[in-house]
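Here is a friendly set of notes to read with the model open beside you. Take the points one at a time, and find each residue before moving on.

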Amino acid sequence: MRILYHHRTLGDGAEGIHIQSIVNNLKELGHAVKVVSLVGEQTQFRSAQEAKESRWDKIKNWIPKPVYELAEVAYNLKGLRMLEKAIDEFKPEIIYDRYAHFSFSALWAAKRNKLPLILEVNSPYSIQKRQWEKLYFPWLSEMGERKIFNAAPHIIVVSTPLKKIVMNYGVPAERITVLPNGTDPERFNPNIDDAPLREKLGLQGRVVMGFVGILRRWHNIDKLINILEEIDLPKRNATMLFLGDGPSYHELVAYNKEKGSEEWIRFLGRIPHNEIQNYIAMMDIAISPHATPYSSPMKILEYMAMEKAILAPDMENIRDLLKDGETALLFKPDDAESLKEKLLQLIKDAKLRETLGKNARRKVIENFTWKGNALKTIKIAQRLKEQFGT
């Protein structure tokens, strides 16, 4: 099948990994894929710094915020031109579009060229931006999202809560498929030798807990630090590692230093994604203190693939991936005592950690690989092709 893949992202971080992993696996399955985007074909290996230094990001930072929102609408003219050119040259059988705020150029191009289209939705931006950013035209954002979702022939969402949000816009359930993120179980595998890195960091013999991700205020990292102090890590011979940077990085490092916990609670900063598996390998317990309600956390899937005992909030989107007591321990969201109780249980019980980890890897291999996601995507594409008669 010939697939035209469109996205309007900087192609860094988790979104870049998602895009490149799906594209690579579609190609490995024998399909021809052409990527249309502002940043070009390659995304997975773009660092955050490279993304920030890109021409598009510099333009984004220069434009006043209200004007930038309107520029997102104006992008569709450029997007349509790029897509029309690609359609003429590549002759795709279907268009695959990663939804972005106000982005309808792929829908436009598909309709003009009578092509089927799959819309991948990772976030309801009209909701997300109202919660965490300043949205200058909320009515336009919501109206645009509603029209885009209802116009799409089929929508892939990454979680059950996100499916419900899309249905609330009036989209029938049969036009929506829940397809959580995936991972690569060959790269993220439990046989990586963690001894050299443990020795380098002085962690031999300790129970190592870890968090990987962007450090934002809604991740509740400050609350987790308080809980870690309460359980007395030196007494448990345990260490907590935070891997990642982000808006709250310096604030959290200062907060931890002020509490005098630097020996047992360490912030290692951003680790390149192609090295992150070596750090996860050290972890006995992988913690996700908070999750966006409609997300599909990629790091949880990487923890699962590496047979780690996972502690995560008991939320509907997390239950898409994990089952309490079988593949992880789930705590009551925003409940410090519940998190503390489950964490102590994992620190004390090595056998439980081993059982949860093995079950988690088995579930990833069966349900949550990028190759599996690519296969499921092709099945959807084939059904759409039949419906369109193409």
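**Notes on the model**

1. The side chains of Glu 89 and Lys 85 come together in a salt bridge, with 2.8 Å from N to O. The term salt bridge here stands for a side-chain nitrogen of Lys or Arg within 4 Å of a carboxyl oxygen of Asp or Glu. Both residues sit in helix H4, four residues apart, so about one helical turn separates them. Helices (H or I, at least four residues) and strands (E, at least two) are DSSP runs, numbered from the N terminus. Glu 89 is exposed, at 52% relative accessible area. For that word the cut-offs are: buried under 20% relative accessible area, exposed over 50%, partly exposed in between (1.4 Å probe, protein chains only).

2. Before going further, please keep in mind that this is a predicted model, in which local features need pLDDT of at least 70 and side-chain atom pairs count only at pLDDT 80 or more, while totals for chains, interfaces and linings use all residues. Residues are numbered from 1 along each chain as its sequence is written, and side-chain values use heavy atoms, with hydrogens and water left out.

3. How many salt bridges does a search of the whole structure find? The search gives 18. One of them joins Glu 316 to Lys 164, where the closest N and O atoms are 2.7 Å apart. This pair links distant parts of the chain, since Glu 316 belongs to helix H15 (residues 316-319) and Lys 164 to helix H8 (residues 160-168), 152 residues apart. Glu 316 is partly exposed at 28% relative accessibility, and Lys 164 is partly exposed at 43%.

4. Now look at Asp 284 and Arg 198, whose side chains meet in a salt bridge of 3.0 Å, N to O. Asp 284 is in the loop between helix H13 (276-280) and strand S10 (285-287), and Arg 198 is in helix H9 (residues 195-201), so the pair ties together parts that are 86 residues apart in sequence. Is Arg 198 buried or exposed? At 10% relative accessibility, Arg 198 counts as buried, whereas Asp 284 is partly exposed at 23%. Asp 194 joins Arg 198 and Asp 284 in a network of salt bridges.

5. Another arginine to find is Arg 98, in strand S3 (residues 94-98). Arg 98 is buried, with 7% relative accessibility. Neighbours within four places in sequence aside, the residues in contact with Arg 98 include Tyr 5, His 6, His 7, Glu 15 and Glu 120. Contact means heavy atoms within 4.5 Å.

6. Which residues have the most contacts inside the largest nonpolar core? They are Ile 300, Met 304 and Leu 322, in a core of 35 residues. A nonpolar core is a set of buried Ala, Val, Leu, Ile, Met, Phe, Trp, Tyr and Cys residues joined through side-chain atoms within 4.5 Å. Among the elements that give two or more residues to this core are strand S7 (207-212), strand S8 (238-243) and helix H17 (350-367). Helix H14 gives the most, with five residues. Leu 322 touches Ile 300, Met 304, Ile 310 and Lys 363, among others, leaving aside neighbours within four places in sequence.

7. Finally, check two backbone angles. Lys 114 is not a glycine, yet has a positive phi of about 55°. Lys 114 lies in the loop between helix H5 (105-112) and S4 and is exposed, at 67% relative accessibility. Asn 237 also has a positive phi, near 55°, in a residue other than glycine. Asn 237 is found in the loop between helix H11 (233-236) and S8, and at 36% relative accessibility Asn 237 is partly exposed.
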